[in-house]
Amino acid sequence: TPEAWLSTWSGLSTRACTPDCLREVTEPTLVVHYAGDVITHLGEAESIYRASAAADKHFVTVRGADHYGFVINQDGSGGPRTTEGTDAVTTWMRDRFPLSTTNTTVASSAASSRLGPAS
């Protein structure tokens with residue numbers, strides 16, 4: 001969770017509380033939770049989602065994957081990393097922030113100017 005990450009870097013001074021902070025966030029919000037996560041539990045992820053003040057907010061649960069997105073096999077062993085969470089984020093972002101021809105052209109022009117003429 002964001003609190004855990006912030007506490008890692010500023011354990012003596014952080015007062016991070018994601019639900020409290022998200023009550024002020026109105027930008028589109030996506031919460032992706034890996035259901036096999038033993039670090040961040042489903043209830044905590046759901047409370048983060050519910051706290052968001054965004055009108056456009058979505059919650060995605062990736063079943064059968066651990067905190068890092070690795071599949072949890074039936075015998076409890078770790079499997080390959082799933083792309084389900086990443087796919088959900090990519091789809092969500094593309095739906096809300098589509099690339100336009102203008103943006104692509106500007107990015108390509110900027111890259112070309114930094115790299116110089118093609119050989």
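Of the 119 residues of the protein chain, 19% are buried, where buried means under 20% relative accessible area, exposed over 50%, and partly exposed in between (1.4 Å probe, protein chains only). The model is predicted: local features need pLDDT of at least 70, side-chain atom pairs count only at pLDDT 80 or more, and totals for chains, interfaces and linings use all residues. Residues are numbered from 1 along each chain as its sequence is written, and side-chain values use heavy atoms, with hydrogens and water left out. The protein chain exposes about 8,500 Å². Carbon and sulfur atoms supply 58% of that area. Accessible areas come from the Shrake-Rupley method with a 1.4 Å probe; for residues, only the protein chains shown count as cover.

Five helices and four strands form the secondary structure of the protein chain. Helices (H or I, at least four residues) and strands (E, at least two) are DSSP runs, numbered from the N terminus. The order of elements from the N terminus is α-α-β-α-β-β-β-α-α. Contact is defined as heavy atoms within 4.5 Å. Among contacts in the protein chain between residues at least 6 apart in sequence, 60% join residues at least 24 apart.

Strands β1 (residues 29-34) and β2 (residues 57-62) run parallel and are joined by six bridges. Two strands pair if DSSP finds at least two bridges between them. The chain passes from β1 through α3 to β2 in a right-handed β-α-β crossover. Right-handed here means that, with the strands pointing away from the viewer, the path from the first strand over the helix to the second runs clockwise. Within this pairing, V31 stands opposite F59 in β2.

V31 also belongs to the largest nonpolar core, together with L22, A45, I48 and A51. Such a core is a set of buried Ala, Val, Leu, Ile, Met, Phe, Trp, Tyr and Cys residues joined through side-chain atoms within 4.5 Å. Helix α3 (residues 42-51) supplies the largest share of this core, three residues. Neighbours within four places in sequence aside, V31 is in contact with A45, I48, Y49, H58, F59 and V60. In soluble globular proteins, nonpolar side chains tend to be buried together.

The structure holds zero disulfides (pairs of cysteine sulfur atoms within 2.5 Å). C17 is in no disulfide. The sulfur of C21 lies 6.7 Å from the closest cysteine sulfur, in C17, which is too far for a bond. Both cysteines are partly exposed: C17 has a relative accessible area of 26%, and C21 one of 49%.
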